[in-house]
Amino acid sequence: MYAAVRRYEGVTDPAEAGRLVNERFVPLIRQVPGFVAYYWLDAGDGVMVSTSVFQDRAGAEESVAKAADFVRDNLTSLLPRPPHVMAGEVVASA
């Protein structure tokens, strides 16, 4: 399995960002081949974190591209800074 983690800072309206991600982005990411799970976290203080889990690297990489497109097209006023992106192979899980 592979995962991609994106950390967004300076989020202007976490509740609205969460609503839009849940209603519009989650259906898109579920369509990526190899999809396993997706989580969107409100870490407080204007920080939100997403975690995408896929069966293979290609799915994780596609999720990063889809997230970038979605943010650019739908969330620029809510997520004004580019995310810190990390991705890699899952080496332990429960």
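Hi everyone, this is a short walk through one predicted protein model, from the overall fold down to a few residues.

Some ground rules before we start. The model is predicted, so local features need pLDDT of at least 70 and side-chain atom pairs count only at pLDDT 80 or more, while totals for chains, interfaces and linings use all residues. Residues are numbered from 1 along each chain as its sequence is written, and side-chain values use heavy atoms, with hydrogens and water left out.

Let's begin with the fold. The protein chain has two helices and four strands; helices (H or I, at least four residues) and strands (E, at least two) are DSSP runs, numbered from the N terminus. Reading from the N terminus, the order is β-α-β-β-α-β. The radius of gyration is 13 Å, close to the 12 Å that the globule rule gives for 94 residues, so the chain is as compact as a globular protein of that length. For the record, that radius is taken over C-alpha atoms, and the globule rule is 2.2 Å times the number of residues to the power 0.38. Along the principal axes, the C-alpha atoms fill a box of roughly 35 × 25 × 20 Å.

Now some totals for the chain. Of the 94 residues, 36% are buried, where buried means under 20% relative accessible area, exposed over 50%, and partly exposed in between (1.4 Å probe, protein chains only). The accessible surface comes to about 5500 Å², and carbon and sulfur atoms own 51% of that; the areas come from the Shrake-Rupley method with a 1.4 Å probe, and for residues only the protein chains shown count as cover. Contact here means heavy atoms within 4.5 Å. Among contacts with a separation of 6 or more, 71% are between residues 24 or more positions apart.

On to the part I enjoy, the aromatics. How many aromatic pairs does the structure hold? There are four, with rings of Phe, Tyr and Trp (its six-membered ring) pairing if their centres lie within 6.5 Å; planes under 30 degrees apart count as stacked, over 60 as edge-to-face and the rest as tilted. One of them joins F25 and Y38, whose ring centres are 5.5 Å apart with planes at 65°, so this pair is edge-to-face. F25 sits in helix 1 (residues 14-29) and Y38 in strand 2 (residues 35-44), 13 residues apart, so to speak a link between distant parts of the chain. F25 and Y38 are both buried.

F25 also pairs with F70: the centres are 5.2 Å apart and the planes at 45°, so that pair is tilted. Since F70 belongs to helix 2 (residues 57-75), the pair ties together parts 45 residues apart in sequence. The relative accessible area is 3% for F25 and 7% for F70. Together, F25, Y38 and F70 form one aromatic cluster.

V85 is in strand 4 (residues 84-89) and is partly exposed, with a relative accessible area of 43%. Setting aside neighbours within four places in sequence, V85 is in contact with V5, R6 and V64. The C-alpha atoms of V85 and A3 are separated by 11 Å, though these residues are 82 apart along the chain.

Finally, is D45 buried or exposed? D45 is exposed, at 83% relative accessible area, and lies in the loop between strand 2 and strand 3 (47-54). Its phi is near 55°, a positive value in a residue other than glycine. Most residues other than glycine have a negative phi.
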